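Have the structure open as you read.

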Amino acid sequence: MDQNMNMIVARRMASVANHLMPAHQISPSHPALLGAIAPSNCSSPLDDSYRRTHGEVPSHPPVWKTVSLDESVKEFADIIYEKAAGEGIAKITINRPERRNAFRPQTVKELMRAFNDARDDISVGVIIFTGKGTEAFCSGGDQSFRGKNGYADYDNFGRLNVLDLQVQIRRLPKPVIAMVAGYAVGGGHVLHMVCDLTIAANNAVFGQTGPKVGSFDAGYGASIMSRLIGPKRAREMWYLSKFYTASEAEKMGLVNMVVPLEKLEQETVKWCREMLRNSPTAIRLCKSAINAADDGHAGLQALAGDATLMFYGTEEGNEGRSSYLQHKKPDFSKFPRLP
Ligand SMILES: CC(C)(COP(=O)(O)OP(=O)(O)OC[C@H]1O[C@@H](n2cnc3c(N)ncnc32)[C@H](O)[C@@H]1OP(=O)(O)O)[C@@H](O)C(=O)NCCC(=O)NCCSC(=O)CCC(=O)c1ccccc1C(=O)O
């Protein structure tokens, strides 16, 4: 291999390696880089035929188009809802930067409408969840709306409606990526934890504040956290209510990747595009399977529902339905009893 080709391969392998793991974890002796520099060692695990065939996902910025839902309903006040033109990415942004993107009941209602739309839109394959600006992803429940019964605004009694949003994200059969810049604290920290993946900017700060302000989340906020970082760390995070930097959070397993703030959306979109190349049904089943054990009967129901959905698409499933509609006996004998 000539010098030129060697350099091209080295650059390409470095870019793939950089894409697959945080830059700080790659040493010059990483096999991907060695494989590129030493042409005789071309069997690097990163030099696979899938990569050679499909190449990198495109890196151009998406063109975001604001989504307006049912026109009879008021436009969004607390969120921004966008979809990328020509690709299956939706982006839902809490738009209260002056309150560090704290959510009030109105915010949660709007978020639920947007997530519902993104779920039902079959052209959407992945959803980015973020906060406006660089100061905060979300600082939890807006404390000025908190009363004796929970969080209340002008048209409702107090309740903890963010719990419904957590369940909605957890059960949504498409990946949701939290894109976190700045503070993800209190109920905002729980929201990023219920997302499938978290990409954090290097200015991100994570933590629970409940015990400082007279609140706690003993549901997903405790159980998912304990699963993610282990019970000792989860206790530390709740009992002391300390804040953690992005790199501390990455080491604890709270986030998937930390990137420079200015690269946050670029990297997040790259992850979205990688996922969009893959089978939506496989991803859907992986999501419900990973959640199943932790979510008990509700988790099993989601996984089982996915199985039924797939079964409806088979000839065997259709034999039962069409025979019923035609008032004849179904013939299931033609289907193999697979081992
Ligand atoms: C996030 C901070 C650390 C940021 O600090 P800093 O950058 O210095 O900014 P500030 O000057 O503090 O804030 C700017 C401005 O925003 C207001 N603000 C920020 N956060 C909130 C908030 N959560 N509620 C109301 N207002 C907020 C702040 O007052 C400033 O306004 P001014 O008018 O300029 O004064 C810091 O802001 C901070 O610590 N914020 C509070 C974080 C917090 O304690 N959040 C609430 C935790 S409790 C919770 O979220 C419960 C939620 C819930 O519904 C729930 C209940 C039960 C079970 C589960 C859940 C759940 O899962 O959510």
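## A helix pair: H8 and H9

Let's begin with helix H8 (residues 220-229) and helix H9 (residues 231-240), which pack with their axes 7 Å apart and at an angle of about 130°. Bear in mind that this is a predicted model. Angles over 145 degrees would count as roughly antiparallel and 65 to 115 as roughly perpendicular, with the rest called oblique, so H8 and H9 are oblique to each other. The crossing of H8 past H9 is right-handed.

Who's doing the touching? On the H8 side, the contact is made by Gly-221, Ala-222, Met-225, Ser-226 and Ile-229, and H9 brings Pro-231, Arg-233, Ala-234, Met-237 and Trp-238. Sorted by class, that contact has 7 nonpolar, 2 polar and 1 charged residues.

In soluble globular proteins, nonpolar side chains tend to be buried together. Here, the largest nonpolar core has 49 residues, and Tyr-81, Phe-115, Phe-129 and Phe-206 are those with the most contacts inside it. Helix H4 (residues 105-120) supplies the largest share of this core, at 5 residues.

Which residues does Tyr-81 touch, not counting those up to four places away in sequence? The list takes in Lys-65, Thr-66, Val-67, Leu-69 and Phe-76, then Ala-90, Lys-91 and Ile-92, and finally Ala-114, Asp-117 and Ala-118. There's also a second, separate core, with 18 residues, including Ala-84, Val-126, Ile-128 and Ile-199.

## Ala-85, in a loop

Ala-85 sits in the loop between strand S2 (79-84) and strand S3 (89-94). Is Ala-85 buried or partly exposed? Its relative accessible area is 37%, so Ala-85 is partly exposed.

Not counting residues up to four places away in sequence, Ala-85 touches Val-63 and Lys-65. As for Trp-64, 21 residues apart from Ala-85 along the chain, the two C-alpha atoms are separated by 6.2 Å.

## Gly-299, in a helix

Now for a glycine: Gly-299 lies in helix H13 (residues 296-312). With a relative accessible area of 1%, Gly-299 is buried, since buried means under 20%.

Leaving aside neighbours within four places in sequence, Gly-299 is in contact with Ser-288, Asn-291 and Ala-292. What about Ser-223, 76 residues apart from Gly-299 along the chain? The C-alpha atoms of Gly-299 and Ser-223 are separated by 14 Å.

Technical notes
Residues are numbered from 1 along each chain as its sequence is written. This is a predicted model: local features need pLDDT of at least 70, side-chain atom pairs count only at pLDDT 80 or more; totals for chains, interfaces and linings use all residues. Side-chain values use heavy atoms; hydrogens and water are left out. A nonpolar core is a set of buried Ala, Val, Leu, Ile, Met, Phe, Trp, Tyr and Cys residues joined through side-chain atoms within 4.5 Å. Buried means under 20% relative accessible area, exposed over 50%, partly exposed in between (1.4 Å probe, protein chains only). Helices (H or I, at least four residues) and strands (E, at least two) are DSSP runs, numbered from the N terminus. Contact means heavy atoms within 4.5 Å. Axes are lines fitted to C-alpha atoms, for helices over the stretch in contact, and angles run from 0 to 180 degrees between N-to-C directions. Angles under 35 degrees count as roughly parallel, over 145 as roughly antiparallel, 65 to 115 as roughly perpendicular and the rest as oblique. A crossing is left-handed if the near helix is turned anticlockwise from the far one by less than a right angle, and right-handed if clockwise. Ala, Val, Leu, Ile, Met, Phe, Trp, Tyr, Cys and Pro count as nonpolar, Asp, Glu, Lys and Arg as charged, and the others, Gly among them, as polar.
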